[in-house]
Every structure is written in C-alpha cells, then in structure tokens.
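Have your viewer open and ready for a short walk. We will go from the whole view to single residues, one selection at a time.

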Number of protein chains: 2
Amino acid sequence: MLPAVPARLGRRGLAIGIDIGGTKVAAGVIDVHGQVLAELVRPTPATDPRQVEDVIVDLVHEFAASYRIWSVGIGAAGWMDQSGSTVLFSPHLAWRNEPLRENLEYKLRRRVMVVNDADAAGWAEWRFGAGRGQSRLVCITLGTGIGGALIADGRLERGRHGVAGEFGHQIVVPQGHRCECGNRGCWEQYASGNALGREGRELARANSPVAQDLLRAAGGDPDAITGALVTRMAAEGDATCIELLDDVGHWLGLGLANLAAALDPGQFVIGGGLSGAGDLLLLPAQRSFRRHLTGRGFRPAAPISMARLGARAGMVGAADLARINARTGTRGTRPAGP
Amino acid sequence: MLPAVPARLGRRGLAIGIDIGGTKVAAGVIDVHGQVLAELVRPTPATDPRQVEDVIVDLVHEFAASYRIWSVGIGAAGWMDQSGSTVLFSPHLAWRNEPLRENLEYKLRRRVMVVNDADAAGWAEWRFGAGRGQSRLVCITLGTGIGGALIADGRLERGRHGVAGEFGHQIVVPQGHRCECGNRGCWEQYASGNALGREGRELARANSPVAQDLLRAAGGDPDAITGALVTRMAAEGDATCIELLDDVGHWLGLGLANLAAALDPGQFVIGGGLSGAGDLLLLPAQRSFRRHLTGRGFRPAAPISMARLGARAGMVGAADLARINARTGTRGTRPAGP
C-alpha cells in the first residue's frame, strides 16, 4: 500500500508523468490539480531497456528547460515491485527485473517512481476524475486487455508483491480462450478490445449474413476487423456490431459482479480505449452486473461510471503518485558511484 | 476497514466470543492471547431473532458470574453492515436488517460487535494462528460454502458496505451449478463441503462401480452421502473419495489463483470443516494454484497453509475483534429508554 494522501497534499510542485505504451511514449508536465501543462510524444524503442531509459531522460530534460520539476512518474504495462522501483515484467517491453527507478534517479537527479499503467490511470480517476472522493473505488482500464486498480481509504492497493489488481486474469471460463498470461478463460479474453475484435473476426469468418457490412468495412478481409472498427460501426448504428458490444458488456458486468463479491467497492469506473463505446457498452454491463451481483436485494449495487480523463489518465496518475510519493514516502537509494 | 491494531493492544481484559451457526451457538471467554478460558454450547433457535438474542444474553450472564467481561463479539454467517452493528442478512437465521448491536448493548450493558463468521475466523488465524504476522493475508473458510477474509496491514477489510470477502460467490463456471445466492457457477459450488457431497452423490447415482464402497458406507442410499463421509473415506484410503477431494482441490487452487490475481496476498490460510482433509485437499490445491497463477515465473507464489485454530476460530476472532473495537473504535449508540 502506498501512504494515504496527506492533509496538505503537495500544494505546489510540478511533476512529469510518462506513459510508456507498446508503440509510443507520452509524457506531460502535470500540476497539483492534475492539469496537463505541456505534452510530448515519442515512439517506443522496444528492443533495449537502455534505449527506453534514454527516451525518458531526453523527455525530462526537454521539459526541465521550461519547468521546475520535482519528480517523475513512469507508468507502463506490467508488474512493478511493491516499492515502485523495479519493473518485474513488462509484456510489451524488454524489461525483466529492471531496477528502473535506481537507474533513472541517478541519471535525472530527481525522485522517480515506477507504477503499473492501470494503477496510474485509476489513481488519476480517483484524484481528479469520475471516482473523486470515493472511499473505495475499483477502476477498470479496458484496452487490448483489462487493467485494474483499487483505491481504498485514499491508498492505492498494490498487494504484497506489487501486483494486485490484475483483475483481467481472473479465470471466468474453464478451458476458455487462451490468454497471453498462459492460462485459459481469463476475463480479459471476454471483456476487452481484443475480445471484441476476435468476436467480429469469427463472425465474419463464419460467413454470417449479419456480418456482411462489417466485413465490407474491413475491405473484405476478416483479419482486418479490430475492436476499434466494431466500436466505430456500432456507434454508427450497425446492428451486428451493437450486438457484439452487448456481448462484451455482458462479460464486463459479470466480472464486475465477481469483483463486487470479493472487494465490495462503493463505485466502479471504466476507462481505457474501449470505454469510448459509451452507453453501447455501459448499459449492457450495468444490466449484467445487476443480474450477477451476489446478494442483490440485500446489498447496495455499486454504480458503474465511465472514466473522465481519457487517454491521459495514466500520465496524470503517474505524475501525481510520483509527487505524493516523493513528499511522503521512501526514496530509492541512489548508486554510490558517479 | 477496521482500525489497525494499536501498539499497546489490550494487554488485559477478557471478551466473550459467540459463534452463531445454523444448528448451535458456541460461546467462549477469550483472553488477550486468544486462549479459550471457558466454553458453552446451546442449540440455535432459528425462528425468532428475539430468541437468538435471549440465548446470547443468557450465555453472557452465565460467563459474567465467573469472569470480568469487557466486550462481546458475535460472529454469524451473513452480511453485517460496515460498522459492525446491523445484520443485513443471515442465510440460516431470521435476521433481516436487524440492529443486533444496539439491542444487545442495551440488554448487556457491554460493548458488542457483530461480524461475519469468516471474517472472525480469518482475524483469529491472523492474530493467533497460521497467518500470524502476515502483512496481507487471505483466509478461506471451507464449510458447506466458502467464507473469506482479507487482513491487510493489520486491518480487516470489510468493504464499502461491510460485505467484502464473499469470494465464494465469484462466478467461475458460466451456466454452472445453481447457487443459493441466486446465480450459477459460483466458486463455492465447486470447492466446498457441499460440492464434495454433491459429487459423491452424483457418482453413486450414476451406478459407477468405482463408487460401490462409498455407496455401501452410506447404507446404500446415495442421498446419505455427504462431504464429511467422502472426506472420512478418503482419509481411510478409498481411491474414489481421494479422487473426489482431488477434484475439489483443483477448483480450490483455481479460485485461489483468481484471488492472487486480484489481491496479491502474501499467504493463504485454509480453514473450516473441509480443511480437516489435510494434504488430500491441500496438495491438489497447491498444484492447481501454481498451474493457474497468472504471471507464474515472474512473481512469487503465495504459500497456502492449513488453519491452526480449528472450529473455535470464529469464536476467538469475534471476541478479539470486539475487544479491540471497544478500545479503539466507535461504539454503538444505546437507546435512550429505561
């Protein structure tokens, strides 16, 4: 657990938030109100951890020429250790047990914190977005997979080893679809952008007449159907794509009910790229959630809201966590040498 | 969340713990080390909430004649509200939104706390049993169903509405076995004493030759086969019953892996009646857990231990929570009247 937000929480001080994705690195200067004062984007050099570090260092130096920066937060997919210093594993990057904080604090001469990207996004929604003020918030980031965060009593719950909140890898279908984590039937194989694209492709490959318009929009190639395409066509009123989103919403609601059974949050916030589908996803998810909530009728049903901060949530949250951590928490030990 | 255990935690003071089950009410006088100094058992009067209150009052008065009692903790199956004062719902009893604490504090002139029985048992294992000192402990009580508790940083996590930890009602098999909670496919339909009995009965009804000995032990009546019988015969070496426990262990491990994905505990403790099966349950559960743990190889696998306090865990935990709560926490307001 991270320390609770102190009473006089960083009234001043700018922080840099850096969101390292599979294809691009997005960085911003963030103030204490979560406002993005400046922003830069670079392509992600995925092959060598040193190159990613160099990109981070360049970005910080570029910002530091114009802003007085106190701390730097790095958000990335994958598992960070409990203290926010080491990347245990990152699926899209070449990091394995990488002491990223130590390396970067030495190079940057600033406090650095490394966090899971979904944790960062959830923190931002709790601090500045749709979940503000919730005493117990579960935030779900729906992208290619499912990221998760739990913020309870003003603390980000990171678990004993720093890898809590991997809700997407709860097995909900025995012997179901294969997941990149090595298991079958993980929730994120049924309620994510990837799942939506896969279902669209399967439907098109089955030569179903209901998928003709979808297949045409993909240039006649089933393999070109993506979750983003299905979402766009659903928004334009395509009945089949609306059904596909409905199916994903069903699984989303079922998984949220599982989380309510275990965690009993006061609210859910749904972010990430797929949340752009809006009510086409939210309404079936809410219906399924109410249907699958254990103890319905004897307990309150937590509201499910859409996130407010969009694609910058990870950047904003990483910066905010780094600033708070620098003011209250432990600092990574720097190497002794030059 | 309950308050963290204070530094000079109740060095003195006895508390009564009362565990209200479907058939019997077990009560004990518990000291600050979790030792049971005296114990009484009564049948549960299930029809009228007032009668259950009367049994509790009688038990407390009987103990109070010999011991100086500071507080009373009541553990029962079901959902209590966040503050530990009201029973929202109890499956085996007639309580619905029952302000049990207020009623009892008025009658007993002592501080009272009402807790979920699995929360109480988990707390006891963390304080005095197999999970002592764990910074993040998940405790599973395997009986007819599955009860759960999470103790993190010295606090019992009870959720926003007091109903966190209902791990047994996570849906792991879509359209699976019907559960008393109103859903299908809940974990407790696959990894509990009830599940073990159901599987034994189904096997016997299928006239499988491998179930002949089991059927004979049940007097030739498939309906007489229970989880307890299967467990006993497995302990005596019956190959079929060992297989049935193996299947339940498989589901137990899968569900624990789901919990590890979400909660990332440092340790699991398994208690409740079914835990008496020992290694016949634990070994297949550990194997299945390691097989289904997301990120295996990149993260530590939390150890899974058997509980140490046995059937008294609920009583001991309820007493301990009540004593700590009386010393640090909010007290229920007593009625103004006579």
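The tour below moves from one chain to the pair, and then to a few places inside the chains.

Before you click, note that this is a predicted model, in which local features need pLDDT of at least 70, side-chain atom pairs count only at pLDDT 80 or more, and totals for chains, interfaces and linings use all residues. Residues are numbered from 1 along each chain as its sequence is written, while chains are lettered from A and ligands numbered from 1 in the order in which they are written.

**Stop 1: chain A**

Of the 338 residues in chain A, 56% are buried, where buried asks for 20 or more other C-beta atoms within 10 Å of a residue's own, exposed for 12 or fewer, and partly exposed lies in between, with C-beta atoms placed from the backbone.

**Stop 2: where the chains meet**

Now bring chain B back. The contact takes 39 residues from chain A and 39 residues from chain B, counting two residues as in contact if their C-beta atoms, placed from the backbone, lie within 7 Å. On the chain A side, select helix H7 (239-263), which gives the most, with five residues.

How does chain A lie on chain B? A turn of 180° and a shift of 0.0 Å along the axis bring chain A onto chain B with an RMSD of 0.0 Å, using least squares on the C-alpha atoms of residues with pLDDT of at least 70 in both copies. That is the relation of a two-fold axis. To find the axis, pick A:Val172: in chain A its C-alpha is the nearest, 2.3 Å away.

**Stop 3: A:Tyr190**

From there, go to A:Tyr190, in the loop between E11 and helix H4 (193-205) of chain A. Is A:Tyr190 buried or exposed? With 26 C-beta neighbours inside 10 Å, A:Tyr190 counts as buried. Leaving out residues up to four places away in sequence, A:Tyr190 touches A:Val172, A:Val173, A:Ala195 and A:Trp251.

**Stop 4: A:Gly154**

Next, select A:Gly154, found in the loop between strand E10 (146-152) and strand E11 (155-156) of chain A. A:Gly154 counts as partly exposed, because it has 15 C-beta neighbours inside 10 Å.

**Stop 5: helix H2 of chain B**

Finally, show residues 49-64 and 100-108 of chain B, helices H1 and H2. In this pair, B:Glu53, B:Ile56, B:Val57 and B:Val60 of H1(B) meet B:Asn103, B:Leu104, B:Lys107 and B:Leu108 of H2(B). Color the buried residues of H2(B): B:Leu100, B:Arg101, B:Asn103, B:Leu104 and B:Glu105. They pack against H1, strand E4 (69-76), strand E6 (87-89), strand E7 (96-98) and strand E8 (111-116) of chain B.

Note on methods:
Helices (H or I, at least four residues) and strands (E, at least two) are DSSP runs, numbered from the N terminus. Axes are lines fitted to C-alpha atoms, for helices over the stretch in contact, and angles run from 0 to 180 degrees between N-to-C directions.
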